[in-house]
Amino acid sequence: MTHKFTILSAAVALALGASAAHAADFDDMVSVRGFGTFGVMHSTEDRADVLGSVFMPDGAGYTREWDMRSDSKLAGQVNVRFTDKLDFTVQAISQYQHDKSFTPQIEWANLKYSFTPELSARVGRIALPTFMISDSRMVGYANTFVRPPDEVYQVSSITSNDGVDVSYGFSTGGVKNTVQAFYGVSKADLAEGNVEADSIYGVNYLAEAGDASFRVGYIRMELDLNIPSTQPLFEGLKGLGAMLNSFGLTNSGGQALALANKYDVQDMELSFLSVGASYDPGNWFVMSEAIDFGGDDMLSDVRAGYVMGGARFGKVTPYAVVSKVKAFIDYEDGISTTGLPTPFAMGADALSAGLNQSLNQFRGSQQTAALGVRWDAFTNIAVKGQYNYVDIGDNSNGMLGNVQPGFEQGGNYSLYSLSVDFIF
Amino acid sequence: MKFAIKAAVAASVVLASMCAQAEVVVIVNPKHPAASLTAEQVANVYLGKDASFAPVDLPESAAQRGEFYTKVAGKDSAQVKAIWARLVFTGKTQPPKEFGSSAEAVKFVAGNDKAIAYVDKGAVDGSVKAVLTVN
């Protein structure tokens with residue numbers, strides 16, 4: 001944490017220094033801007049929480065009837081233009097954190113070098129470009145909806161990447177093409193434990209022609225989920241397996257060890273394939289994305305997508321979104337209890353149930369139909385209201401967290417959101 | 001009679017100048033090789049898709065600004081702001097530099113090889129090159 005603040009203070013000191021030395025050039029060289037959202041959510045599902053991201057410990061529904069934390073955020077960004085070719089960008093964002101604080105985090109801090117207007121490279125902390133609007137997923141003012149559809153955007157909540165990227169743009173007969181390749185690492189804290197990506201690499205292609213754009217992206221990463229609460233499950237499976245083996249019950253013992261190995265949450269090899277397109281001639285617009293997530297171990301394969309459209313009537317923009325996520329979760333028969341003495345059989349059943357519960361907890365299926373309206377009320381301020389009807393998949397918790405006893409899988413609920421987005 | 005003719009001439013001059021005032025032209029530095037630009041090329045610059053120019057904006061209160069974005073880019077002010085918010089908060093690019101008047105924009109373009117601006121036609125002089133008339 002300390003080094004993050006050092007980067008920010010250095011940027012500020014640099015900015016102030018530049019200001020003192022060349023007050024006239026300051027405006028040209030340094031720009032300071034910000035964005036934020038004040039949002040409130042209400043969910044009719046009171047036995048679980050709708051979470052703003054997997055990094056948030058609680059949210060709307062069970063923990064808070066009216067939740068003002070999940071969508072609310074405030075961010076500042078400093079751009080320093082050293083020369084025509086060299087830029088520095090730092091963005092700090094304060095939003096609800098794993099530890100229930102709003103401690104600001106450095107979301108981006110990178111140096112960009114433009115070799116030519118077409119070719120540039122960045123080094124430092126950059127946005128992880130998993131989705132079509134990864135760059136602006138937090139900037140409510142830049143988006144029409146209250147937040148990007150959870151079904152797609154919560155499949156990967158990692159937003160930043162410490163590493164390098166290279167972008168190359170070229171035109172072919174009226175089409176502007178951009179190819180971006182990147183490599184890096186990322187680490188983020190969860191309510192308990194953390195998630196660590198040791199190597200993230202990928203490539204994106206974007207084509208823009210007039211009002212239409214098309215994007216395809218592919219990412220691979222190696223991920224460790226360091227979650228203390230999963231430890232007892234794996235330790236239990238390994239312990240039971242070893243014990244059963246030592247009693248000569250090698251059929252069930254082998255199964256327990258194999259399950260511990262199969263669902264280990266370390267060194268998971270994950271992949272994301274995403275395709276997106278948008279068309280925005282001005283008075284109306286449509287936008288769609290689809291992703292195919294290749295899971296590993298405890299994280300099962302996921303397919304998700306959304307389609308949104310809207311129309312602009314002056315300052316008022318009504319819109320509709322349909323989104324769906326389908327998780328291909330393995331159901332494990334678990335450890336065979338045939339021939340096991342009762343205490344062992346009970347232990348084996350409990351571990352098998354725990355394993356299936358964890359599989360459900362990490363991935364869910366659900367679909368949402370949403371209606372909303374954006375109102376560009378004042379200069380630099382947009383007010384939005386959105387209604388989501390969420391239908392949770394069979395035998396699934398959907399994308400809900402903090403699931404409490406009494407929660408019924410496969411149900412449905414309504415989510416009401418109101419937000420005020422601003423830039424400055 | 002003479003007076004009536006004079007008055008008519010004066011009125012038409014005033015009217016003509018009012019019409020001229022509403023006319024917006026896109027200008028670049030005379031050193032720029034292009035003799036003219038299409039509306040789409042200019043829209044790409046002002047919507048952040050083409051970084052080869054340094055675009056200039058007039059204030060939001062200027063009539064030319066609304067006319068320019070509506071006719072050239074097919075977007076209103078709030079849409080343009082949302083698009084720039086997306087670009088700026090990624091650090092990808094900087095928004096157009098804002099000048100208080102057409103005259104100031106002309107002066108900037110005259111002194112900057114990469115600059116492009118939309119200005120009132122009446123403010124254009126020999127120091128800049130008109131590449132597109134907005135209508």
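1. Ground rules. Residues are numbered from 1 along each chain as its sequence is written, while chains are lettered from A and ligands numbered from 1 in the order in which they are written. Because the model is predicted, local features need pLDDT of at least 70 and side-chain atom pairs count only at pLDDT 80 or more, whereas totals for chains, interfaces and linings use all residues, and side-chain values use heavy atoms, with hydrogens and water left out.

2. Chain A as a whole. The secondary structure of chain A consists of six helices and 19 strands, where helices (H or I, at least four residues) and strands (E, at least two) are DSSP runs numbered from the N terminus. Along the principal axes, the C-alpha atoms of this chain fill a box of roughly 85 × 45 × 40 Å.

3. Among contacts (heavy atoms within 4.5 Å) with a separation of 6 or more, 62% are between residues 24 or more positions apart. Chain A exposes about 18500 Å², and carbon and sulfur atoms supply 60% of that area; such areas come from the Shrake-Rupley method with a 1.4 Å probe, and for residues only the protein chains shown count as cover. There are 28 positive and 47 negative side chains in chain A, and the centres of the two sets lie 5 Å apart. In this count Lys and Arg are positive and Asp and Glu negative, with His and the chain ends not counted, and each charge is placed at NZ of Lys, CZ of Arg, CG of Asp or CD of Glu.

4. A:Ser252. This serine lies in helix 5 (residues 250-262) of chain A, and it counts as buried because its relative accessibility is 2%. A polar atom of its side chain lies 2.6 Å from the backbone oxygen of A:Ser336. Apart from residues up to four places away in sequence, A:Ser252 touches A:Leu244, A:Ile335, A:Ser336 and A:Leu340.

5. A:Thr337. The loop between strand 16 (316-328) and helix 6 (342-362) of chain A holds A:Thr337, which is partly exposed, with a relative accessible area of 29%. Leaving aside neighbours within four places in sequence, A:Thr337 is in contact with A:Ala345, A:Ala348 and A:Asp349. A:Gly174, by comparison, is 163 residues from A:Thr337 along the chain, and the C-alpha atoms of the two are separated by 66 Å.

6. A:Val286. Here the residue belongs to a strand, namely strand 14 (residues 284-294) of chain A, and its 36% relative accessibility makes A:Val286 partly exposed. Not counting residues up to four places away in sequence, A:Val286 touches A:Ala277, A:Ser278, A:Tyr279, A:Met308 and A:Gly309. A:Leu244 is 42 residues from A:Val286 in sequence and 58 Å from it in space, C-alpha to C-alpha.

7. Two positive phi angles. Most residues other than glycine have a negative phi. A:Asp267, however, has a positive phi of about 50° although it is not a glycine; A:Asp267 is found in the loop between helix 5 and strand 13 (268-279) of chain A and is partly exposed at 44% relative accessibility. A:Asn402 likewise has a positive phi, near 50°; A:Asn402 sits in the loop between strand 18 (381-392) and strand 19 (412-423) of chain A and is partly exposed at 33% relative accessibility.

8. Chain B as a whole. Chain B has five helices and five strands, which follow the pattern α-β-α-β-α-α-β-α-β-β when read along the sequence. Buried residues make up 41% of its 135 residues. Among contacts in chain B between residues at least 6 apart in sequence, 74% join residues at least 24 apart.

9. B:Phe68. This phenylalanine lies in helix 3 (residues 63-73) of chain B and counts as buried, at 1% relative accessibility. Its contacts, leaving aside neighbours within four places in sequence, are with B:Val26, B:Val42, B:Tyr46, B:Ala73, B:Tyr118 and B:Val134.

Terms used:
Buried means under 20% relative accessible area, exposed over 50%, partly exposed in between (1.4 Å probe, protein chains only). A polar contact is a pair of N or O atoms within 3.5 Å; within protein, one must be able to donate a hydrogen and the other to accept it, and residues adjacent in sequence count only if both atoms are side-chain atoms.
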